[in-house]
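Hi there,

Here is the structure I promised to pass on. Please have a look at it first, and then read my notes below.

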Amino acid sequence: MFCYQCQETAKGTGCTLAGVCGKKDNVANMQDLLVFVTKGISFYTTRLRELGVESEAAGKFIVDSLFMTITNANFDFDRFVVRVREALKLRDELKEKYLKAGGSVPAGVHESATWTGHSVEEFEAKNVSIGVLSTKNEDVRSLRELVIYGLKGMAAYTEHANNLGFSDLTIYKFIQDALVATTNDNLTADQLVALVMETGKFGVTAMALLDKANTSTYGNPEITKVNIGVRNNPGILISGHDLRDMEDLLVQTEGTGVDVYTHSEMLPANYYPAFKKYKHFVGNYGSSWWQQKEEFETFNGPVLFTTNCIVPPKNGASYADKVYTTGASGFTGFKHIGERPAGGRKDFSEIIAHAKRCKPPVEIEKGEIIGGFAHNQVVALADKVVDAVKSGAIRKFFVMAGCDGRFKQRSYYTEFAEALPKDTVIMTAGCAKYRYNKLPLGDIGGIPRVLDAGQCNDSYSLAVIALKLKEVFNLNDINELPIAFNIAWYEQKAVIVLLALLYLGVKNIHLGPTLPGFLSPNVAKVLIEKFGIAGIGTVEDDIKLFLS
Ligand code: SF4
Ligand code: SF3
């Protein structure tokens, strides 16, 4: 195996024996094979499109497949084997359609369009030779993988939108064109850099689509005080990012005597009007994903993962038989809840029955945290915010969106938040917020000093807010705003968020706790010179720099 797609990659360069995340080498290799076959599928869908034939089903299949390979989403070897078989079948059906329509497969076509296998042994004989390292030039490899990781993040957001009945064929088209482009040895470095920027553009499209899907289905997030304590009923803990799963669970648990709590990236579900009406929706339990081994022990009830981030449980963990997965997520040994029937709901009855046999959660903290500062809510407060900036009450905003992670050096973000002057405001989204969202940082004239817009995909909200402020202050350039960007990244959704911000023209983003291992020195140099991307230093130096 070779995987360097996340921030915690071994030695900052690549996991080669097993993932730091717990991904085994056979799973990593099978994920590579799945990505490889999606390139072959894309070869035919892009050709068919030229002939006027669109396959929405293939677009969706590719999106769901890419999503399955993001960090901490799916560790289930058997599911990947099944998925590769399905992918090959789909590719060959598309090939047949293409040939029937008069198309022809040119000699020298990328082998993802032609290679085939049936048994696990054949898959395993192949998958070791088609991974990341099969691109020999490290700069080309770096740019190709930057695009692919962006596509994985984009796929995640697109899938959530799909689950709410929203889709956009231009996103499917772009993903397929880009996958094919990563197999083209004739592209120059400049063309690949342009493809990276185009990926950011479609990242904005995908996040806007998901924003529309979420807000038109569940209402605009509102300022909300979220309870972080517990009640005395058995509960289900729901983690991940999928709001449609959240809805299905709330509907099915109503009146059963089972409470529902959010975990990690599902916290922002508390901000949506459509979910607030459920009396058995208690609040949020615990912190960000990497603390789940302790928190799932004390929660006592079953846990439902709708997406990442899963941490493999320790041997003998008391909760190991209480964890369920659904959608793109999976883990060998966890029970997987299948897809929802057309027009229906996923069947969570087994989890509900399981919860009834469990004790109520143990209280690990008490009180409330505040959030719900997505674009609609902040724009409603725009006058107050603008006055505070004009009067000098707010000197600067710090966008600290992104991911959390288990590495010690992430305490930087807690210390940074604590050390920021009192006339500054943090705008956040994603699980990065758990590094400071429970600190008593106070408010500025009623505006909390930590404004949480929601999940990582709601980084889109932060961009909308910045663009709105640019308009209000009548500025030509988003970089003239009193906003600094100090982003924390971990997995591939943060990659698409970063590319989206670059596409929107945001410069001088600081990215930490370390720069991606998949950036070759030359590609890193381009990002630094062209966009002013920088890493992080000490809290003191960085604050000085940002405020200078
Ligand atoms: Fe390593 Fe990250 Fe890949 Fe897991 S996802 S194998 S930790 S680089
Ligand atoms: Fe977090 Fe996994 Fe990225 Fe959605 S839950 S931000 S890391």
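In these notes, two residues are in contact when heavy atoms lie within 4.5 Å. Helices (H or I, at least four residues) and strands (E, at least two) are DSSP runs, numbered from the N terminus.

Some ground rules before the findings. This is a predicted model, in which local features need pLDDT of at least 70 and side-chain atom pairs count only at pLDDT 80 or more, while totals for chains, interfaces and linings use all residues. Residues are numbered from 1 along each chain as its sequence is written, chains are lettered from A and ligands numbered from 1 in the order in which they are written, and side-chain values use heavy atoms, with hydrogens and water left out.

**Helix packing**

Two packed helices are described by the angle between their axes and the distance between the axes. The axes here are lines fitted to C-alpha atoms, for helices over the stretch in contact, and angles run from 0 to 180 degrees between N-to-C directions. Angles under 35 degrees count as roughly parallel, over 145 as roughly antiparallel, 65 to 115 as roughly perpendicular and the rest as oblique.

Let me start with α1 and helix α2 (residues 56-68), whose axes come within 10 Å and cross at roughly 160°. The two helices are therefore roughly antiparallel to each other. The crossing of α1 past α2 is left-handed (the near helix is turned anticlockwise from the far one by less than a right angle; clockwise would be right-handed). On the α1 side, Gln-31, Leu-34, Val-35, Thr-38, Ile-41, Ser-42 and Thr-45 meet Ala-58, Phe-61, Ile-62, Ser-65, Leu-66 and Met-68 of α2. Sorted by class, the residues of this contact are eight nonpolar, five polar and no charged (Ala, Val, Leu, Ile, Met, Phe, Trp, Tyr, Cys and Pro count as nonpolar, Asp, Glu, Lys and Arg as charged, and the others, Gly among them, as polar).

Helix α1 (residues 25-50) also meets helix α6 (residues 169-181): their axes come within 8 Å and cross at roughly 120°. That pair is therefore oblique, and α1 again passes in a left-handed crossing. From α1, the contact involves Thr-38, Lys-39, Ser-42, Phe-43, Thr-45, Thr-46 and Arg-49, and from α6 it involves Tyr-172, Lys-173, Gln-176, Asp-177, Leu-179 and Val-180. This contact divides into four nonpolar, five polar and four charged residues.

How do α3 and α4 cross? The axes of α3 and helix α4 (residues 120-127) come within 11 Å at roughly 90°, which makes α3 roughly perpendicular to α4. Phe-77, Val-81, Val-84, Arg-85 and Leu-88 of α3 make the contact with Val-120, Phe-123 and Glu-124 of α4. The classes there are six nonpolar, no polar and two charged.

**Aromatic pairs**

Rings of Phe, Tyr and Trp (its six-membered ring) pair if their centres lie within 6.5 Å; planes under 30 degrees apart count as stacked, over 60 as edge-to-face and the rest as tilted. By this rule there are 25 aromatic pairs. In one of them, the ring centres of Trp-289 and Tyr-490 are 4.8 Å apart with planes at 20°, so the pair is stacked. Trp-289 sits in the loop between β4 (281-284) and α10 (292-299), and Tyr-490 in the loop between β14 (483-488) and α16 (492-503), so the pair ties together parts 201 residues apart in sequence. Both Trp-289 and Tyr-490 are buried (under 20% relative accessible area; exposed is over 50%, partly exposed in between, with a 1.4 Å probe and protein chains only). Elsewhere, Phe-2, Tyr-4, Tyr-149, Trp-489 and Phe-518 form one aromatic cluster.

**Backbone details**

One joins Asn-308 and Cys-309, with omega about 15°, and Cys-309 is in the loop between β5 (303-305) and β6 (323-326). Another joins Gly-512 and Pro-513, with omega about 5°, and Pro-513 is in the loop between β15 (510-512) and α17 (521-531).

Asn-72 is not a glycine, yet it has a positive phi of about 65°. Asn-72 lies in the loop between α2 and α3 (77-100) and is buried, at 3% relative accessible area. Asn-508, also not a glycine, has a positive phi of about 60°. Its place is the loop between α16 and β15, and at 46% relative accessibility Asn-508 counts as partly exposed.

Best wishes
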